Amino acid sequence: MTVEIEKLVRRFGHNAALDGVSLALHPGEFAALLGPSGSGKTTLLRILAGLDFPDAGSVRIAGTDVAGVPARLRGVGVVFQHYALFRHMTIAENIAFGLRVRPRRLRPAAADIARRVATLLELVQIPDLAGRYPDQVSGGQRQRVALARALAIEPSLLLLDEPFGALDALVRKEVRRWVRGLHDRLGITSVLVTHDQDEAMELADRIAVMDRGRIVQFGTPRALLDDPQTAFVAGFIGEANRLRGEVRDGWLEMRDLPVPMVRVKGRDGPVEVFIRPADLLVAPSPRRHGCVEVALVRPETESARVVVRCGASLLDGVAPTQVGRILPGVLCDVTVRRLTVFGEDGAREDLHLVDAPGCVGAGASI
Amino acid sequence: MSAATQDPAPARIALVLLGAALAAAIFLLPLAAVLAEALRRGWEPAWTAISDPDSIAAIRLTLLVAAIAVPINAAGGIAAAWAIAKCDFAGKRVLITLIELPFSVSPVISGLVYVLLFGAQGYFGPALRAYGFEIIFALPGLVLATVFVTFPFVARTLIPLMQEQGREEEEAAATLGAGGWQIFLRVTLPNVKWALLAGVLLCNARAMGEFGAVSVVSGHIRGQTNTMPLHVEILYNEYMFVGAFAVAALLALLGVVTLAAKTLLETLTARRIGEHA
């Protein structure tokens, strides 16, 4: 089922919760709306569900404009943040609800409903809980019930609103993988709303990063990590060292971390520089008087994670070789393999690297 | 309760005793006195007073007024609570204040307002009379006054509960294909049914016992527009103490039965919740 969202605007009073949002989803895709709270992602989800309506713009599901279609006629499954299970109904009755409220001529026979509920209980792996009430089961089980209830109506589109937020960390990881597995089996186009980048990275085929009512970038997790279009995305997705810098005569200068010869094509002025820890390589200095001092070493499986002091900043990096010689207090060299520069307006600057040796080693591939 | 927040034993016992003594003095003593007065000359005179045709008429009228007013207030209370808890609209605060108005206005004033509106010299009285509608000094007036005075009970019981429950379940029901009525009957109403019953019972107790507003619009026509509280007053003013206290005891009994039913419901609800936890 395709979903096409065009130039959606939704205002609450003077605030625009959605400020011209456009997005197109492929059939069967698992997409995530990722952003801090207040970025408009839940509003967008509610509009898709038919629980809220836009002030401008259009939503088409499977090619049909759903502007005037109320929630009950959309056939969109929703898993709510706090599950919203019907507290006075058993789990089986909860799952059967969507089938029982159908008009008589579309309603399956009672025996068929019971069979369908049993199948769904199997699917979400809680067949023994049919007769319990929602407050008699655990958070993870409630989440499975909410999912089964949404799937019962055979939705064309499945919406998940922060579905893992109420689970504790251990259960969350497990349920997350299970949900992704279920999606791969059923192939329903799904939209996940979350503020947790790990969750979005692990689950989604593509992620729409939202900030203040706009989608700032929509792409695969890899593309967001490697090719952030704005400073907001670079800071929000993945770990990054943020440094202040300045472009003078087209050359990048950073006080704390002198890197060699990076040409910036934009205008001169202050810039923000992002360096992923994996792109900041720390190695013992052959001259025994390197430019940075190791502050902290965290041993990990392959390459140690290192915190180094560069001028006034503490930067995260990795030590791919000679890990044993990298100890707190040792002077080292760093090589920046890759960096991203954003102008004052948050937009990305085009870079050009002219390789030249400096105090700090430098690499290419910018 | 944790040990830290627990008062020392003597203080606790003293507090409980004080509370119990106050409750007994204020509530139980008068109730006992009413019963004692009613039965002062034995069961026979009391029964005669209650089975007097005027008394029977008063009992019947009281039950009839409650039977009309309580369903009206149940429906109105549910509608108001639904609007306040589940919808956003301008003037919500005003509506909440309006609902509480009967609690803060003297019942006599509300009765007088109806006389002013529908009485023989009132704004609409003559016109209605021309078409054969009697409101003041008749059943419609009694029902109107009772509805006004007892309106807040159902709404006030439901609003906090419905606000606490939020809208998520209703929204979930809508996404699953349920229409407005289905959502109301299958989700909203079952979620508040115990509170609704409690509110209805309280409303009923007040409706049967209402004196002030009803007194103004009734006209005190014996056997016709006298409700039980008014009948008690008339009997008392005519020095028919046994009769007055007998009818009063019956009225009190109706109230006590209502309260007992409410307490029973609350106990059952608590147990049901306990089972689920």
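This is a predicted model: local features need pLDDT of at least 70, side-chain atom pairs count only at pLDDT 80 or more; totals for chains, interfaces and linings use all residues.
## Domains of chain A

Two domains make up the division of chain A: domain 1 covers 3–231, and domain 2 covers 241–353. Between the C-alpha centres of domain 1 of chain A and domain 2 of chain A the distance is 40 Å. Four residues from domain 1 of chain A and six residues from domain 2 of chain A take part in the contact. On the side of domain 1 of chain A that touches domain 2 of chain A, two residues are nonpolar, two are polar and none is charged.

A record also covers part of this chain. UniProt, in an unreviewed entry, lists residues 3–237 of chain A as "domain: ABC transporter". Residues 3–237 of chain A are 36% helix and 26% strand, and the end C-alpha atoms of the span are 25 Å apart.

## Nonpolar cores

The largest nonpolar core has 111 residues, of which A:L48, A:L159 and A:V209 touch the most other members. Helix α4 of chain A, residues 139–152, gives the most to this core, namely seven residues. The core lies between domain 1 (3–231) and domain 2 (241–353) of chain A, because both give residues to it.

Setting aside neighbours within four places in sequence, the contacts of A:L159 are A:L45, A:L48, A:A49, A:V76, A:G77, A:V78 and A:V191.

## Annotated spans of chain B

In chain B, an unreviewed UniProt entry places the feature "transmembrane region" at residues 60–82, 94–118, 130–155 and 239–261. Of these spans, residues 60–82 of chain B are 100% helix and 0% strand, with end C-alpha atoms 33 Å apart. Residues 130–155 of chain B are 65% helix and 0% strand, and here the end C-alpha atoms lie 36 Å apart.

## Contact between the chains

Where the chains meet, 17 residues of chain B are in contact with 21 residues of chain A. On the side of chain B that touches chain A, α9 (168–175) and α10 (180–209) of chain B each supply at least two residues. The largest share of that side comes from α9(B), with seven residues. By class, the side of chain B that touches chain A consists of eight nonpolar, six polar and three charged residues.

How values were computed
Residues are numbered from 1 along each chain as its sequence is written. Chains are lettered from A and ligands numbered from 1 in the order in which they are written. Domain bounds come from an automatic or database domain assignment. Two residues are in contact if their C-beta atoms, placed from the backbone, lie within 7 Å. Ala, Val, Leu, Ile, Met, Phe, Trp, Tyr, Cys and Pro count as nonpolar, Asp, Glu, Lys and Arg as charged, and the others, Gly among them, as polar. A nonpolar core is a set of buried Ala, Val, Leu, Ile, Met, Phe, Trp, Tyr and Cys residues joined through C-beta atoms within 7 Å. A residue is buried if 20 or more other C-beta atoms lie within 10 Å of its own, exposed if 12 or fewer, and partly exposed in between; C-beta atoms are placed from the backbone. Helices (H or I, at least four residues) and strands (E, at least two) are DSSP runs, numbered from the N terminus. UniProt positions are given in the numbering used here, feature names are shortened, and annotations may be inferred rather than shown by experiment.
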